[in-house]
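Trainee: Could we go through this one together? I'd like to ask as we go.

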Amino acid sequence: MGKLSKREISKQVELKKLIDETDVLTEDQKEKFFIEFNEAFIGDVTHSSAYFTPYQMAFDFALMSPIHGIVLDACAGIGVLSHAAITRDHYDHDIKKIICIEKNIEFVKIGKKLVPSADWFCGSIFDQDLHKEILKKYNIEKYDCLISNPPFGTVTMKYVDDKESLSKDE
């Protein structure tokens, strides 16, 4: 993904201002943000493999997936999959709770505004202690459903974060 033009940056500044200055967003404002926000505005998406699911694709995914119970949105970004799932579940009420995990704190702050009904956690989805904390908080043994977008960038499981690897408990 290339650099943003001055025009694109100006548009992103407007969107970010909308999020920062609005307490409760309308559905139209949320949709506009999900469609127009460029994740590259926040940081280096190539390095972090932060590529968001396109808005319409998120709704197609939610329509075709049996999303139910306690749902974990892994690598939630700004919550487009969770938003689509909640919207599609409006009549059935199969979703009890959506839990979003995202490692980028700026995306978490935005996600809390766009999907306020979800519970947001900032951290790595590979952090076993974080999962133990979440499972304990909700008094559950496992999640009923996990949703996530495909890895659009180069993703490696060789190195999890700055302090631990996947094979920590092995």
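Trainee: Is asparagine 139 buried or exposed?

Mentor: Asparagine 139 counts as exposed, at 72% relative accessibility; buried means under 20% relative accessible area, exposed means over 50%, and partly exposed lies in between, with a 1.4 Å probe and protein chains only. Bear in mind that this is a predicted model, in which local features need pLDDT of at least 70 and side-chain atom pairs count only at pLDDT 80 or more, whereas totals for chains, interfaces and linings use all residues. Residues are numbered from 1 along each chain as its sequence is written, and side-chain values use heavy atoms, leaving out hydrogens and water.

Trainee: Where does asparagine 139 lie?

Mentor: Asparagine 139 sits in the loop between helix 7 (128-137) and strand 4, and its phi is near 55°, a positive value in a residue other than glycine. Helices (H or I, at least four residues) and strands (E, at least two) are DSSP runs, numbered from the N terminus. As background, most residues other than glycine have a negative phi.

Trainee: And what is phi of cysteine 75?

Mentor: Cysteine 75 also has a positive phi, near 55°, and its place is in the loop between strand 1 and helix 5. Cysteine 75 is partly exposed, with a relative accessible area of 42%, and cysteine 122 counts as partly exposed at 41%.

Trainee: How many disulfides does the structure hold?

Mentor: It holds 0 disulfides, taking a disulfide as a pair of cysteine sulfur atoms within 2.5 Å.

Trainee: OK, zooming out, what pattern does the chain follow?

Mentor: There are 7 helices and 4 strands, and along the sequence they come as α-α-α-α-β-α-β-α-β-α-β. Of the 170 residues, 42% count as buried.

Trainee: What order do the strands of the sheet have?

Mentor: The 4 strands form an open sheet in the order 3-2-1-4, with parallel pairing, where two strands pair if DSSP finds at least two bridges between them. Strand 3 (119-122) and strand 4 (145-147) stand at the edges, each with a single partner strand, so one side of each has no neighbour in the sheet.

Trainee: How many bridges join strand 1 to strand 4?

Mentor: Strand 1 (residues 69-74) and strand 4 run parallel and are joined by 3 bridges, and the partner of valine 71 in strand 4 is cysteine 145. Helix 5 (residues 80-88) packs on this sheet, touching strand 1, strand 2 (95-102) and strand 4, and its direction makes about 170° with that of strand 2. Contact here means heavy atoms within 4.5 Å, while axes are lines fitted to C-alpha atoms, for helices over the stretch in contact, and angles between N-to-C directions run from 0 to 180 degrees.

Trainee: Last one: at what angle do helix 2 and helix 6 pack?

Mentor: Helix 2 (residues 27-36) and helix 6 (residues 105-114) pack at about 145°, with their axes 10 Å apart. Lys30, Phe33 and Phe34 of helix 2 make the contact with Ile110, Lys113 and Leu114 of helix 6.
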